[in-house]
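Biologist: I am new to this structure and would like to learn how to read it. Could we go through it feature by feature?

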Amino acid sequence: MGIGNKLDMLLKERGMTVTELARRVGVAPTTIYSIIQRNNKKVDIDVLIKIARILGVNTEYFADSNDEPQTIAAHFDGDEYTEEELDKIKEYAAFIKASRK
């Protein structure tokens, strides 16, 4: 679900109009209408922070759960970790893999 759909739902839940939100955020109502109608997935971060504060949610509320990374990779080299620490990291990774369902 994009930011626009979530924003539209929040406005309805809060009984707030687009015009009122726009005035409180300090943007033109067309900016808010555009976010809603286009169901944007990307919005100016300053505007999004203000919208979230006004509507009483955190900015993560607007994140699309499908945007979560599916793969996480880590590369360790150099003297960032000792050999002993690298061994522990490898052991932990093996433990995590072994506990998969």
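Biologist: Is Arg-24 buried, partly exposed or exposed?

Modeller: A note before that: this is a predicted model. Buried residues have under 20% relative accessible area and exposed ones over 50%. Arg-24 has a relative accessible area of 43%, so it counts as partly exposed. Arg-24 belongs to helix 2.

Biologist: Which residues does Arg-24 touch, leaving out those up to four places away in sequence?

Modeller: Arg-24 touches Met-16 and Ile-54. Arg-24 and Ile-54 are 30 residues apart along the chain, and their C-alpha atoms are separated by 7.7 Å.

Biologist: What does the secondary structure of the protein chain come to?

Modeller: The protein chain has five helices and zero strands. Read from the N terminus, the order of elements is α-α-α-α-α. The chain has 101 residues, of which 27% count as buried. For contacts between residues at least 6 apart in sequence, 59% join residues at least 24 apart.

Biologist: How should I describe two helices that pack together?

Modeller: Two packed helices are described by the angle between their axes and by the distance between those axes. Here, helix 2 (residues 18-25) and helix 3 (residues 29-38) pack at an angle of about 120°, and their axes are 8 Å apart. Helix 2 is therefore oblique to helix 3. The crossing of these two helices is right-handed.

Biologist: Which residues of helix 2 and helix 3 meet?

Modeller: From helix 2 come Val-18, Thr-19, Leu-21 and Ala-22; from helix 3 come Pro-29, Ile-32, Tyr-33 and Ile-36. By class, the residues of this contact are seven nonpolar, one polar and no charged.

Biologist: At what angle do helix 1 and helix 3 pack, and how far apart are their axes?

Modeller: Helix 1 and helix 3 pack at about 115°, with axes 6 Å apart. The crossing of helix 1 with helix 3 is left-handed. Helix 1 brings Ile-3, Gly-4, Leu-7, Asp-8 and Leu-11 to the contact, and helix 3 brings Ile-32, Ile-35 and Ile-36. The residues of this contact of helix 1 with helix 3 divide into six nonpolar, one polar and one charged.

Biologist: Which residues of helix 3 are buried?

Modeller: The buried residues of helix 3 are Ile-32, Ser-34, Ile-35 and Ile-36. Among the elements that cover them are helix 1 (3-14), helix 2 and helix 4 (45-55).

Biologist: What comes just after helix 3?

Modeller: Just after helix 3 comes Asn-39, with a positive phi of about 50°.

Biologist: How many aromatic pairs does the count come to?

Modeller: Two rings pair if their centres lie within 6.5 Å, and planes over 60 degrees apart count as edge-to-face. The count comes to one aromatic pair. Tyr-61 and Phe-62 form that pair, with 5.2 Å centre to centre and 85° between the planes, and the arrangement is edge-to-face.

Biologist: Which of these residues is buried, and which is partly exposed?

Modeller: Phe-62 has a relative accessible area of 3%, so it is buried. Tyr-61 is at 28% relative accessibility and therefore counts as partly exposed.

Methods:
Residues are numbered from 1 along each chain as its sequence is written. This is a predicted model: local features need pLDDT of at least 70, side-chain atom pairs count only at pLDDT 80 or more; totals for chains, interfaces and linings use all residues. Side-chain values use heavy atoms; hydrogens and water are left out. Axes are lines fitted to C-alpha atoms, for helices over the stretch in contact, and angles run from 0 to 180 degrees between N-to-C directions. Helices (H or I, at least four residues) and strands (E, at least two) are DSSP runs, numbered from the N terminus. Angles under 35 degrees count as roughly parallel, over 145 as roughly antiparallel, 65 to 115 as roughly perpendicular and the rest as oblique. A crossing is left-handed if the near helix is turned anticlockwise from the far one by less than a right angle, and right-handed if clockwise. Contact means heavy atoms within 4.5 Å. Ala, Val, Leu, Ile, Met, Phe, Trp, Tyr, Cys and Pro count as nonpolar, Asp, Glu, Lys and Arg as charged, and the others, Gly among them, as polar. Rings of Phe, Tyr and Trp (its six-membered ring) pair if their centres lie within 6.5 Å; planes under 30 degrees apart count as stacked, over 60 as edge-to-face and the rest as tilted. Buried means under 20% relative accessible area, exposed over 50%, partly exposed in between (1.4 Å probe, protein chains only).
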